[in-house]
Structures are given as structure tokens and as C-alpha cells.
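The following exercises ask the reader to work from a sequence and its three-dimensional model. Each task is followed by a solution in steps.

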Amino acid sequence: MRDPQSIAVNEDAHMIPAWSVVVDVAAFVLVEYYFWGILPEQRTHPPPPLGFRIYFNLSWGLLVSLYFLMVGYVSRDAPRRAMSSRFWMVLCFVMPGGIGAVLYFLLRQPVVSRCPACSTHVQSDFHFCPQCDYQLTASCGHCFRTVRASDQFCTRCGHELAEDKMPARLRVLGE
Ligand SMILES: [Zn+2]
Ligand SMILES: [Zn+2]
């Protein structure tokens, strides 16, 4: 079994992979090089004012590098949601105008996390692990809705949470 601590760290940190940052910077430099180095030589009419050119060129560079940043983010975010990262990366890349990224954010599934005790995939709204009965979130002992670990009373039914015999809140509190 994998160490539950290392799983949490590995899955949460570094949402933007290093390769995507490198591609990002390279794309930005390439775009700037094209606009400042290549394009002016092909121009036949006089260039627009310098301020406009700086604004225009930087905007395009940032837009292009944002695109690659998005693909990098999707490559890390999709597996956390049990979605195909390859499919969504390709979609984000080929759809024009960032439509793929918009679709991704509209359609993405909730984050799937792992039980700290047995590493089973659990959804964010689970109170207990379906495999080992480990308590994942604090819940009211009367109506069984989610409560915050520091609450004294249930916000839905007014039940006094300190009366709960099961270590419901306490186990979460103790972590
Ligand atoms: Zn479990
Ligand atoms: Zn309740």
C-alpha cells in the first residue's frame, strides 16, 4: 500500500507541469520574435505607433502561452477527476479560441480523492470510505449531514454534536 501522506502531496502539488512552463516560455519568445523580428521586414506599409505594437505583440504572446499553460493544467487536473487527460489535452489544443478549455471547465467531474487509510478512490461528498469504513468528513450523528469539525451544533437539525457517541467529529478534529 502506498503511504497516504505522499499520495496527497503528489496529487495536490505542481498543478502546472514543468514541461508546460518550458513550452510556455518558448511559445512566448517565439511569438515575440515573430512580431518584432520577422513581421516588420515583411511589412510594406508604415508600421503602427510603437505603443500599439507593444500592446498588440505582448497580448498575442501572452495569449499563446496561456494556451499551453491551459493544456499543462488539464494534463494534471484531469487525472484527479478520473477523466482522460490525453483526450482533453488534445481537445484543448485543437479547438480554436480556447473553446476546448471552456468545455473542460464546464464538463469536468468533481475531484476524486483517496481514502487516507486504504487508498480507495472516494468522492468528495462521501462521509465514510466504502471499503474500510474510515471516516472521511465529520457528520451529524442525528441527520448524518456534513458538519464542520469545529461546530458545536448541527446547522440542519440543531443536534448537539458533542453528544455523539461515535468519534465522528473527533476523528476528523484529531488529524
Ligand atoms: Zn478506506
Ligand atoms: Zn443534524
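**Exercise 1.** Which residues coordinate the zinc ion (ligand 1)?

*Solution.* The model examined here is a predicted one. Step one is to list the donors: the zinc ion (ligand 1) is held by the SG atoms of Cys115, Cys118, Cys129 and Cys132, at 2.2 to 2.3 Å.

**Exercise 2.** Determine why the arrangement around the zinc ion (ligand 1) is classed as tetrahedral.

*Solution.* Begin with the criterion: four donors count as tetrahedral if all angles lie between 85 and 135 degrees. The four donor atoms of the zinc ion (ligand 1) subtend angles of 106 to 113°, and therefore the arrangement is tetrahedral.

**Exercise 3.** Decide whether Cys129 and Cys132 are buried or partly exposed.

*Solution.* The cut-off needed is that buried means under 20% relative accessible area. Cys129 has a relative accessibility of 4%, so Cys129 counts as buried. Cys132 has a relative accessibility of 34%, so Cys132 counts as partly exposed.

**Exercise 4.** Describe the site of the zinc ion (ligand 2).

*Solution.* First, identify the protein donors: Cys140, Cys143, Cys154 and Cys157 each contribute SG, lying 2.3 Å from the zinc ion (ligand 2). Second, consider the geometry: the angles among the four donor atoms are 106 to 116°, and the site is tetrahedral. Third, read the spacing of the donor residues in sequence, which is C-x2-C-x10-C-x2-C. Cys140 is buried, because its relative accessible area is 0%. Cys143, with a relative accessible area of 21%, is partly exposed.

**Exercise 5.** How do helix 2 and helix 3 pack?

*Solution.* Locate the elements: helix 2 covers residues 18–42 and helix 3 covers residues 50–80. Their axes lie 8 Å apart, at an angle of about 155°. Angles over 145 degrees count as roughly antiparallel, so helix 2 is roughly antiparallel to helix 3. The crossing of helix 2 past helix 3 is right-handed. The contact of these two helices comprises 18 nonpolar, six polar and three charged residues.

**Exercise 6.** How many helices and strands does the protein contain, and in which pattern?

*Solution.* Counting the elements gives six helices and two strands. Reading along the sequence gives the pattern α-α-α-α-α-β-β-α.

Technical notes
Residues numbered from 1 in each chain as written. Chains lettered and ligands numbered in written order. Predicted model: local features only at pLDDT ≥ 70, side-chain atom pairs only at ≥ 80, totals over all residues. Heavy atoms only, no water. Donors = N, O, S within 2.8 Å, 3.2 Å for Na, K, Ca; no water. Tetrahedral: all angles 85-135°; square planar, octahedral: opposite > 155°, others 65-115°. Buried < 20%, exposed > 50% of the residue type's maximum accessible area, 1.4 Å probe, protein only. Axes fitted to C-alpha atoms, helices over the stretch in contact; angles between N-to-C directions. Helix = DSSP H or I, 4+ residues; strand = E, 2+ residues; numbered from the N terminus. Parallel < 35°, antiparallel > 145°, perpendicular 65-115°, else oblique. Left-handed = near helix turned anticlockwise from the far one by under 90°. Nonpolar A, V, L, I, M, F, W, Y, C, P; charged D, E, K, R; others polar.
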